[in-house]
Amino acid sequence: MENSIAYIMEQTQKVLAIDSPTGFTSRAAAYCMDEYRRLGYSPCLTNKGGIFVCISEGRPDAACTAADHSSPEAGAVLLEAHIDTLGAMVCDISKEGRLFLTPLGGMNPNNAEAENCRIYTRSGKVYSGTFQLRNASIHVNGDYNKTSRSYDVMEVVLDEIVEKKEDVLALGILPGDIVCFDPRTMITDSGYIKSRFLDDKLSVGILLGYARYLKENKIQTARKIYQHITVYEEVGHGGSASVPADVTEVLSVDMGCVGEGLGCKETQVSICAKDSGGPYHYDVVTALVTAAQSANLDFSVDVYPHYGSDAEATLRAGYDCRHGLIGPGVYASHGYERSHQKGVENTFRLLKAYLG
């Protein structure tokens, strides 16, 4: 178990180090493709840019087992986690040579203020900068404390000597260029992992860890299992395609919410019963709870007030599947997030207990 968790944490850090906001995920996807191949799998790249791979063919004798939690017909299971993150895009350049941004996904300017960032140009050159309130010096700006942070009053200050719009254009920076924020990843001696974009790169690490566990232990699960590392989840359509015909159940592995009114802690695995899109499949949630109890896991069952998942995108796209959502507890979602290795372990163990 310790070896698996160490691998998951290692892979999470590696994926976190690769910038991949929604619409700019090719480098992170290439890394995951290479890692699946290294583990002995044959992944493919979807047209949208996600990664799809079969990690278990299932046991033929278990194809229609009524005792299975996908009964009456035990079809394949699709595990989904997303590699796209929050970020931004250049939408305009001021006459003073500052960059105005539009968000990619729910990147909140309150959480991004004073954050270092990278600007990727179409030519491949990368520049650095800082996302700041306009007129950012409190010694100069008398309205600094009263100003509500929004993209209308924020700008990127480039780490280049520029004084006007033409200077920025001469660097090759244009509207439409991608802006990536520093994840600031660290793991503490006490087991906490702190970083931007644990949502959902922590669960990408967990899916890689589960795929490695099956391969190294030569485990043949009862049901056929696919994994889909999705892109565009942060804008709502990550899981809306690439679902094989034999899939009867979709399980999104994303972050568990930690906050007021919820039971989940960073050390737990959260099983979501309902989010803003409605309830998850009752039988799937029940089976997940039963598996967690049987394995003596530290878990909670929660209702998320402001949340949507890849599994819901799959159903909205018209696929006839049962669906569920689990994930390690993550505090300060869409900000500077924090989870714990115990939450990772409980999520990993729930996958093992649930899928066999």
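The structure, a predicted model, holds 2 cavities of 30 Å³ or more. A cavity here is a set of points on a 1 Å grid over the protein atoms alone where a 1.4 Å probe fits but cannot get out, and its lining residues have an atom within 4 Å of a point. In this model, local features need pLDDT of at least 70 and side-chain atom pairs count only at pLDDT 80 or more, while totals for chains, interfaces and linings use all residues. Residues are numbered from 1 along each chain as its sequence is written, and side-chain values use heavy atoms, with hydrogens and water left out.

The largest cavity has a volume of about 50 Å³, a volume being the space filled by probe spheres set on the points, which are joined across faces, edges and corners. Its lining includes Leu-16, Asp-19, Phe-181 and Lys-201. The second largest cavity holds about 40 Å³, and among its lining residues are Thr-46, Lys-48 and His-228.

Phe-131 touches Phe-181 and Leu-101, among others, not counting residues up to four places away in sequence; a contact means heavy atoms within 4.5 Å. Is Phe-131 buried or exposed? Phe-131 counts as buried because its relative accessibility is 1%, and buried means under 20% relative accessible area (1.4 Å probe, protein chains only).

Terms used
Buried means under 20% relative accessible area, exposed over 50%, partly exposed in between (1.4 Å probe, protein chains only). On a 1 Å grid over the protein atoms alone, a cavity is a set of points where a 1.4 Å probe fits but cannot get out, and a pocket is an open set with protein on both sides within 12 Å along at least five of seven lines; lining residues have an atom within 4 Å of a point.
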